Amino acid sequence: MTSDVVTGLVADLHDEFGELAALLEPQPESAWRRDTPATGWTVRDQVAHLAHFDQVTRLCIAQPAAFVLLRDGLVDLQAYVDGIGLDHASRAGADMLRWWSRENALLRAAALEADPAVRVPWFGPSMSLASKLTARIMETWAHGQDVVDALGLTREPTGRLRHIARIGILAFANSFRVRGLEVPEVPLLVRLDPPGGGKHWIWGDPAAADVVTGSAEDFCLVVTQRRHVSDTALDVQGEAATRWMAIAQAFAGPPGQGREPGQFPARVRPARPPRRTRRGSRVPS
């Protein structure tokens with residue numbers, strides 16, 4: 001019997017898929033050939049990647065032995081990933097969208113049928129079913145950002161960003177390790193403004209000197225490497241936090257290329273509120 005956590009994640013994955021699919025459905029065929037900010041990837045390539053890895057994720061959940069056979073038979077994982085778009089270059093956009101819709105639905109069904117306590121194999125370490133679904137939400141949102149950027153569209157941020165923000169924070173150490181860098185051993189605080197207002201989303205030590213604050217959307221854009229931090233309105237304080245935001249990645253694998261400063265219009269940082277002295281007077285930060 002599935003858990004409430006898994007059921008909620010499946011619903012969020014459905015909604016993340018549905019939002020992007022609704023934007024793609026009315027697009028002309030020429031839109032699918034448009035280049036995205038990811039070098040060498042078209043809109044078609046982005047959707048092919050999502051459909052293919054929804055299929056592979058279903059395999060690792062429903063048929064783990066078959067997935068392990070696939071994984072262990074790969075000579076070059078990066079070449080495998082990069083070749084997915086080429087394998088589907090001749091598909092029409094409408095057919096691509098139908099394929100992704102089918103694979104996403106099959107993945108969600110497999111997740112609901114699985115034991116929620118199961119650990120599933122992946123290309124890296126195995127993970128919980130909940131973590132695997134959260135990773136699919138993150139991937140769908142991140143590749144969806146490339147699509148909306150390429151097509152000049154917009155989408156409203158949602159509470160689903162909390163999943164992505166959490167992955168980005170958990171990947172703090174890995175962001176340094178994949179680059180062969182020493183992981184800073186310092187307290188860290190991340191305080192984000194959720195979409196639509198309400199209580200801050202807070203992770204870490206309230207007394208930390210290394211602090212990242214700002215909108216959840218900006219933070220998620222940075223940790224998925226869809227924006228350079230200088231093009232966001234994030235307020236980053238402290239050496240370790242500054243180094244992290246320059247290299248942060250919420251995804252596994254080798255270091256991503258990220259985005260260049262000025263590649264997108266910069267967002268204005270709000271004025272930092274003055275801080276209080278011990279006696280209660282307010283002084284500029």
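This briefing covers helix packing, aromatic rings and a handful of individual residues. The model is predicted. Two helix pairs, α3 with α8 and α1 with α7, pack with their axes 9 Å apart and within 10 Å, respectively. The structure also holds eleven aromatic pairs.

**Helix α3 against helix α8**

- Helix α3 spans residues 43-62, and helix α8 spans residues 129-151.
- Their axes lie 9 Å apart, at an angle of about 170°.
- An angle over 145 degrees counts as roughly antiparallel, so α3 and α8 are roughly antiparallel to each other.
- On the α3 side, the contact residues are Val43, Gln46, His49, Leu50, Phe53, Asp54, Thr57, Cys60 and Ile61.
- On the α8 side, they are Leu129, Lys132, Arg136, Glu139, Thr140, His143, Asp146, Val147, Ala150 and Leu151.
- By class, the contact of α3 with α8 has nine nonpolar, five polar and five charged residues.

**Helix α1 against helix α7**

- Helix α1 covers residues 4-24, and helix α7 covers residues 93-113.
- The two axes cross at roughly 175° and come within 10 Å.
- That angle makes α1 roughly antiparallel to α7.
- From α1, the contact takes in Val6, Thr7, Val10, Leu13, His14, Phe17, Leu20, Ala21 and Leu24.
- From α7, it takes in Leu97, Trp100, Ser101, Asn104, Leu107, Arg108, Ala111 and Leu112.
- The contact of α1 with α7 divides into twelve nonpolar residues, four polar and one charged.

**Leu24, in helix α1**

- Leu24 lies in helix α1.
- With a relative accessible area of 2%, Leu24 is buried.
- Beyond its neighbours within four places in sequence, Leu24 is in contact with Trp32, Val43, Val47, Leu97, Trp100, Val147 and Leu151.
- Among these partners, Leu97 and Trp100 also belong to the α7 side of the α1 contact.
- Val43, Val147 and Leu151 also take part in the contact of α3 with α8.
- Leu24 and Val43 are 19 residues apart in sequence, and their C-alpha atoms are 9.5 Å apart in space.

**Aromatic rings and charges**

- One aromatic cluster is formed by Phe53, Phe67, Tyr80, Trp122 and Phe123.
- Phe53 is also one of the α3 residues that meet α8.
- Among the eleven aromatic pairs is Trp122 with Phe123, whose ring centres are 4.9 Å apart.
- The planes of Trp122 and Phe123 stand at 70°, so the pair is edge-to-face.
- Trp122 is buried, at 14% relative accessible area.
- Phe123 counts as partly exposed, at 23% relative accessibility.
- Lys132 places its charged end over the ring of Trp122, 3.7 Å from the ring's centre.
- Lys132 is also one of the α8 residues that meet α3.
- Arg227 lies over the face of Phe264, 3.6 Å from the ring centre.

**Thr134, in helix α8**

- Thr134 lies in helix α8.
- At 10% relative accessibility, Thr134 counts as buried.
- Not counting residues up to four places away in sequence, Thr134 touches Leu9, His163 and Ile167.

**Asp210, in strand β5**

- Asp210 lies in strand β5, which runs over residues 210-215.
- Its relative accessible area is 9%, so Asp210 is buried.
- Asp210 is in contact with Val186, Pro187, Leu188 and Leu189, among others, leaving aside neighbours within four places in sequence.
- Its contacts also include Gln237, Gly238, Glu239, Ala240 and Ala241.
- Asp210 and Leu188 are 22 residues apart in sequence, yet 5.1 Å apart in space, C-alpha to C-alpha.

**Loop residues**

- Gln225 is found in the loop between α11 (216-223) and β6 (235-237).
- Phi of Gln225 is near 60°, a positive value in a residue other than glycine.
- Gln225 counts as buried, at 8% relative accessibility.
- Gly262 sits in the loop between α12 (239-247) and β7 (275-276).
- Gly262 counts as exposed, at 58% relative accessibility.
- Gly262 and Pro194 are 68 residues apart along the chain, with 25 Å between their C-alpha atoms.

Conventions. Residues are numbered from 1 along each chain as its sequence is written. This is a predicted model: local features need pLDDT of at least 70, side-chain atom pairs count only at pLDDT 80 or more; totals for chains, interfaces and linings use all residues. Side-chain values use heavy atoms; hydrogens and water are left out. Rings of Phe, Tyr and Trp (its six-membered ring) pair if their centres lie within 6.5 Å; planes under 30 degrees apart count as stacked, over 60 as edge-to-face and the rest as tilted. Buried means under 20% relative accessible area, exposed over 50%, partly exposed in between (1.4 Å probe, protein chains only). A charge sits over a ring if NZ of Lys or CZ of Arg is within 6 Å of the ring centre and within 35 degrees of the ring normal. Axes are lines fitted to C-alpha atoms, for helices over the stretch in contact, and angles run from 0 to 180 degrees between N-to-C directions. Helices (H or I, at least four residues) and strands (E, at least two) are DSSP runs, numbered from the N terminus. Angles under 35 degrees count as roughly parallel, over 145 as roughly antiparallel, 65 to 115 as roughly perpendicular and the rest as oblique. Contact means heavy atoms within 4.5 Å. Ala, Val, Leu, Ile, Met, Phe, Trp, Tyr, Cys and Pro count as nonpolar, Asp, Glu, Lys and Arg as charged, and the others, Gly among them, as polar.
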